[in-house]
Amino acid sequence: MVKCLLDMRNAMDFDLCNPKTVETLLKKYGFSFSKALGQNFLINNEVCPAMAESLEADEKTAVIEIGPGFGVLTKELCKTAGRVIAIELDKRLYPVLEETLGGFDNFELVEGDALKLDLNALISEKLGDFEEVKVCANLPYYITSPLIMKLLEEGLPISEIVVMVQKEAAERLCAEMGTRNAGAVTAAVKFYGEPEVLFDVDRESFMPSPKVDSAVIKITLNSEKKYAVDNESRFFSLVRAAFSQRRKTLVNSVSSTLDIPKADITNALTKLSLNPNIRAEELTMEDFVGLYGLLF
């Protein structure tokens with residue numbers, strides 16, 4: 001019992017933002033950072049507490065984390081949430097996490113690829129007793145868009161997403177529709193929720209340091225459907241087509257991608273009082289919904 005309590009105390013006392021601690025763990029487990037997996041671990045001790053606090057989690061809240069690394073964010077989430085499930089692809093990290101998070105009985109590691117896992121089944125099986133389920137993660141840059149799209153499109157019973165992403169991606173995700181920064185992923189975020197940039201994180205906050213800065217964003221999911229679209233998959237095929245060739249007009253992009261006659265698209269834009277030479281980045285969400293209704 002005494003040894004168990006000591007192990008728990010030692011696990012909870014890990015200063016995972018201290019480069020010396022990280023280096024000790026790297027050496028102990030023979031771990032090296034993987035560029036292919038986009039591994040950059042946080043060493044700024046202010047970032048993770050701020051991310052965890054932004055969730056406003058309590059014992060009735062469950063949190064899903066994606067890519068826990070050595071567990072620096074996970075540790076902060078475990079202090080406030082009722083349950084934390086961390087999904088990790090890199091098997092080399094499993095014994096590290098067992099040591100760094102061994103003191104938290106509300107933590108569970110799920111082995112696998114978050115892009116391939118059935119998250120609805122995971123939530124139903126493991127988190128069905130919680131009032132709210134939220135997602136919090138320091139996302140590898142290379143999976144940012146596909147993972148956020150998965151979280152939005154699969155109809156998961158989650159209320160919030162707080163993630164750290166590349167700063168440029170944050171600006172795109174949180175852009176206003178009808179502006180130059182808007183894209184297909186912007187439309188998806190706006191369709192399902194309300195995004196906001198919480199704060200910036202400079203590149204020196206990571207080990208190893210990436211070549212770009214990051215930002216933490218929050219997406220608050222809509223509790224009810226906001227836009228009247230009868231087929232979301234077909235709607236987003238229109239949105240993706242519109243943004244597929246940004247230098248071209250919307251008429252040309254949609255026509256060439258979806259094989260819809262240009263005259264039909266032009267007529268639809270005219271009915272919406274929009275310029276037939278308009279580009280996708282100039283449309284609002286209401287414009288896209290209206291265009292979808294007329295074309296399909």
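Me: What is the volume of the second largest pocket?
Reply: The structure shown here is a predicted model, and the value that follows is computed from it. For the second largest pocket, the volume comes to about 280 Å³.

Me: Which residues are the closest to the centre of the second largest pocket?
Reply: The lining of this pocket is made up of 16 residues, which divide into 7 nonpolar, 4 polar and 5 charged. Of those that line the pocket, the closest to its centre are L152, L156, Y192, L221 and N222.

Me: Which element gives the largest share of the lining of the second largest pocket?
Reply: Two helices, α7 (144-153) and α9 (184-192), each supply at least two residues of this lining. The largest share is 3 residues, and the helix that provides it is α7.

Me: Is Y192 buried or exposed?
Reply: Y192 is one of the residues closest to the centre of the second largest pocket. A residue is called buried when its relative accessible area is under 20%. Because the value for Y192 is 13%, this residue counts as buried.

Me: Why is the pair of F191 and Y192 edge-to-face?
Reply: The structure holds 9 aromatic pairs, and in the pair of F191 and Y192 the ring centres are 4.9 Å apart. Planes over 60 degrees apart count as edge-to-face. Since the planes of F191 and Y192 stand at 75°, the pair is edge-to-face.

Me: With which residues is F199 in contact, leaving aside its neighbours within four places in sequence?
Reply: F199 has its place in strand β7, which covers residues 193-201, and with a relative accessible area of 23% it is partly exposed. Once its neighbours within four places in sequence are left aside, F199 is in contact with V47, A50, M51, A215 and V216.

Me: What distance separates the C-alpha atoms of F199 and R92?
Reply: Along the chain, F199 and R92 are 107 residues apart. In the model, the distance that separates their C-alpha atoms is 31 Å.

Me: How many of the 9 residues of helix α4 are buried?
Reply: Helix α4 runs over residues 72-80, and its buried residues are V72, L73, T74, K75, E76, L77 and C78. The helix is therefore largely enclosed by the rest of the structure, the number of buried residues being 7.

Conventions
Residues are numbered from 1 along each chain as its sequence is written. This is a predicted model: local features need pLDDT of at least 70, side-chain atom pairs count only at pLDDT 80 or more; totals for chains, interfaces and linings use all residues. Side-chain values use heavy atoms; hydrogens and water are left out. Rings of Phe, Tyr and Trp (its six-membered ring) pair if their centres lie within 6.5 Å; planes under 30 degrees apart count as stacked, over 60 as edge-to-face and the rest as tilted. Buried means under 20% relative accessible area, exposed over 50%, partly exposed in between (1.4 Å probe, protein chains only). On a 1 Å grid over the protein atoms alone, a cavity is a set of points where a 1.4 Å probe fits but cannot get out, and a pocket is an open set with protein on both sides within 12 Å along at least five of seven lines; lining residues have an atom within 4 Å of a point. Grid points are joined across faces, edges and corners, and a volume is the space filled by probe spheres set on the points. Helices (H or I, at least four residues) and strands (E, at least two) are DSSP runs, numbered from the N terminus. Ala, Val, Leu, Ile, Met, Phe, Trp, Tyr, Cys and Pro count as nonpolar, Asp, Glu, Lys and Arg as charged, and the others, Gly among them, as polar. Contact means heavy atoms within 4.5 Å.
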